[in-house]
Amino acid sequence: MSEQANNWSEGNQRYLMAALGVVRAALEDHTLRSQKNEETSQQQDRESAASVAQQELTEARAAMPSPPALELLCSKFGLSTFERDILLLAAGIELDSTFAAVCAEAQGDSSRAYPTFSLALAALKDAHWNAMIPSAALRRWRLVDVASGSALTLSPLRIDERILHYLAGVQHTDERLAGLIEHLHELAKLAPSHQELAQRLIAFWSQSTAGPDLPVVQLCGDAVTDQRAIAVTACAAIGLHLGSIAAQSVPVTPSEIDAFLRLWGREAVLSNCALLLECQELDAGDTARIASINRLVDGLTSPLIISSVERRRAARKSILTLDVRKPTPAEQRVIWEEALNGLPVNLNGHIQTLVSQFNLNVQKVYGARADAVGRQVTSDKGAANDSVDFAKALWDACRMQARPRLDDLAQRIEPVATWNDIVLPESHLQTLRDIAMHVRHRMTVYETWGFATKGERGLGVSALFSGVSGTGKTMAAEVLANELHLDLYRIDLSAVVSKYIGETEKNLRRVFDAAEEGGAILLFDEADALFGKRSEVKDSHDRYANIEVSYLLQRMEAYRGLAILTTNLKSALDQAFLRRLRFIIHFPFPDASHRAEIWRRIFPRETPTENLNLERLSRLNVAGGNIRNIALNAAFLAADEDNAVRMTHLLRAAQSEYTKLEKSLTDSEVGGWV
């Protein structure tokens, strides 16, 4: 604690005890006045005691470097002198062990060793009845609580714990809010476009009048971290702290909402705090919570910022809406240059590559830098001094920064397949290489060569992989992920599609918004669940299915990464939709020559094999996925016998696979195997 803060703390304690002394003197004076045979000397004594107490209070105040907590609280809540003394009366019980006895004596009843409104009205100066009503400051803001009793004026008064700590000079969040409110402190560096938004927020509030009609500020977009950073920066600039509450934590019942409004309203005044209401995960179907949030927004008297993906409307308050987007590529380039400045590596050219692939904010850029440096320091080379190795570490660190949100929405596939593992006609392989080339050079074509200025539509790299199961569609996606060194996520469209109107688009939006940070490869499996021949609209369901498909294609066309659809039945897709996809590859059922090549590559080099006949194996009329199952099963059979993989093991494995497929092996397929 600094010397100045320490001096204030000591001075505040002295002032508080002196203020309690003034109230004690008033109670003692009331006690003496209530006695019938009061002597002149006693009257002089109590007058002298009151004068001494007041003098001590004056001296304590004069010695303080800044106003004490009691004065600040009275100013914040507009307490009258009488209300202040009631508060001190209740505080005395907690801070002075002899105060209870003084209260009992003043009330002439040893069992009433506690403060009451009745005692306050009788003993304290400038008494007024209004101090006791529920709408007055003491009870409205729960500065004191009235315990149950036979009558309002005779019920015990107790100071609220949060207020007691405040008077003592200790900032301590009310325990009833602690589980709901997160206090945000860290000031982050903002991109220029975000700094501009923060300045607009500052100017807007600076020109507004505080109070129940204070306008609401709304930050829209999916960049949650950026919204927080803007809110913290703006609040700090105008001297406000910031607390946040998730929409899911907002109470639902009217009584709970009312209690929260009072507690937070009080906390906002005590801590000079604004509230950030985070609605990104708010379920549009949760009507009860939405209603409670609307009640909260309308009832708050403290500064309020709402962060959400979509725009919301306040029922009664005016609202300023600011759209928060990720930093532009130019801004990200500057952020990267600043973050990497001073490192003993030459990253010329690598920064452009990072910006073209990853869409990270300031915090994640610096997080990736720290992660990459850590990876290098703990590596065998011991230091971040090799440009190529550090660039690779930085790329992997960016992938890690972009993962968390998408990991909650889709299945991440660890790509293991390479070009050597996939067997396709050469024309198909060339198309796959073209896809990789488009992803790798899209920044050059779109940004440097200006194609992005023609509009966002069609800038995404989209592909359709069609073919029966096992023909290599997922493997091809793995090959591309390996080639491009990107994460691969599988999204089961049959699980994404919802029967409820609007839910399918909401699910798809969450996936694409989360994926934008890292440009991951998105593999939308089971496209048949959403696509179909929908050109003939027969009813509202068909019409809405068209909207869902159009939304998916629209997001694929604008997505900065690679999005792949897979289907087992290309003919089920409408030609109008197919024209909007950049690449279409049909994965054919492998013929005998391709099956032989698959068999030749299927076993790892470490697997012991003996006398395998590829020509005979290629007679099995199955796809590559089935071939892999047969090879794997055969390897287990051989390992159990402690032998090399032989044709006998493959025959048993083939029989098992065909049983699973509900097919029968023919002599033309396995004749002469053993």
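Which backbone oxygen does the side chain of W205 reach at 3.2 Å? In this predicted model, the atom in question is the backbone oxygen of P215. W205 itself belongs to helix α10, which comprises residues 192-206. With a relative accessible area of 7%, W205 is classed as buried, because buried residues are those under 20%. When neighbours within four places in sequence are set aside, the contacts of W205 include L214, P215, V217, C235, I238 and L240, together with A274, P303, L304 and I305. G460, by comparison, lies 255 residues from W205 in sequence, and the C-alpha atoms of W205 and G460 are 40 Å apart in space.

Helix α12 was examined next. This helix consists of 18 residues, 254-271, and at 1.5 Å a residue it should span 26 Å; the distance of 25 Å between its end C-alpha atoms therefore agrees with expectation. Among the buried residues of α12 are I257, F260, L261, W264, R266 and E267. The elements that cover the buried residues of α12 include the helices α3, α8, α9 and α13 as well as the strands β5 and β6. After α12 comes N272, which has a positive phi, near 50 degrees.

A further site is N359, located in the loop that joins α15 (350-357) to α16 (362-377). N359 counts as buried because its relative accessibility is 10%, and the cut-off for this class is under 20%. The side chains of N359 and Q332 form a polar contact at 2.6 Å. Apart from neighbours within four places in sequence, N359 is in contact with K326, P327, Q332, E516, E517 and R560.

Notes
Residues numbered from 1 in each chain as written. Predicted model: local features only at pLDDT ≥ 70, side-chain atom pairs only at ≥ 80, totals over all residues. Heavy atoms only, no water. Helix = DSSP H or I, 4+ residues; strand = E, 2+ residues; numbered from the N terminus. Buried < 20%, exposed > 50% of the residue type's maximum accessible area, 1.4 Å probe, protein only. Polar contact = N/O pair within 3.5 Å; in protein donor to acceptor, adjacent residues only side chain to side chain. Contact = heavy atoms within 4.5 Å. Expected span 1.5 Å × (residues − 1).
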